[in-house]
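I opened a notebook for a structure I had not seen before. These are my entries, in the order I looked things up.

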Amino acid sequence: MREALRQHNYVPVLFDFDRPGSRDITETIPTLAHMSRFVVADITDATSIPQELLAIVPALPSVPAQPLLLSSQHEYEMFEHFKRFPWVLKPYLYGNQKQLLASLETKIVRAAEAKAKELAATASAAR
């Protein structure tokens, strides 16, 4: 997915790195999300993603979050909390990695970009 996003002129940051010595991961992730146009989060077999989303979603109403979920799985139980935030999109269900990559631009990026534009227009109108 990282390479596919690069091909669409995005600079993806995958949270698969060693934590910085001066910060914990929960501090680092929102810092990166603040610089993002949108967040794509695979909630399949969620382990640390619930904590990461909790650090990002409530604090960043101008950054859309696009959850991904393997179609054979179910959302983790506490994901329902994020459905009340209008900048969290409906989870995109995918069957396998090939399908996910094939639909990246048309189903995932376009939805996230459209939501980002909507949020920017709403914020602009409120000023």
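How many salt bridges does a search of the whole structure find? I found four, a salt bridge being a side-chain nitrogen of Lys or Arg within 4 Å of a carboxyl oxygen of Asp or Glu.

I noted the ground rules. This is a predicted model, where local features need pLDDT of at least 70 and side-chain atom pairs count only at pLDDT 80 or more, while totals for chains, interfaces and linings use all residues. Residues are numbered from 1 along each chain as its sequence is written, and side-chain values use heavy atoms, with hydrogens and water left out.

**Entry: the whole chain.** I counted five helices and three strands. Both are DSSP runs numbered from the N terminus: helices are H or I with at least four residues, strands are E with at least two. Along the sequence I read α-α-β-α-β-β-α-α. The radius of gyration is 15 Å, close to the 14 Å that the globule rule gives for 127 residues, so the chain is as compact as a globular protein of that length. That radius is taken over C-alpha atoms, and the rule is 2.2 Å times the number of residues to the power 0.38. Of the 127 residues, 37% count as buried. Buried means under 20% relative accessible area, exposed over 50%, and partly exposed in between (1.4 Å probe, protein chains only).

**Entry: R37 and E113.** I looked up this salt bridge next. The closest N and O atoms of R37 and E113 are 2.7 Å apart. The pair links distant parts of the chain, 76 residues apart. R37 sits in the loop between α2 (25-34) and β1 (39-42), and E113 lies in helix α5 (residues 104-126). Is E113 buried or exposed? E113 is buried, at 14% relative accessible area. R37 is partly exposed, at 41%. I also checked what E113 touches beyond its neighbours within four places in sequence: Y10, R37 and F38. Contact here means heavy atoms within 4.5 Å.

**Entry: E3 and R6.** Here the side chains meet in a salt bridge at 3.8 Å, N to O. How are R6 and E3 placed in helix α1? They are three residues apart in α1 (residues 2-6), so about one helical turn separates them. R6 is partly exposed at 42%. E3 is partly exposed too, at 46%.

**Entry: E75 and K83.** I found another salt bridge here, with the closest N and O atoms 2.9 Å apart. E75 is partly exposed, with a relative accessible area of 28%.
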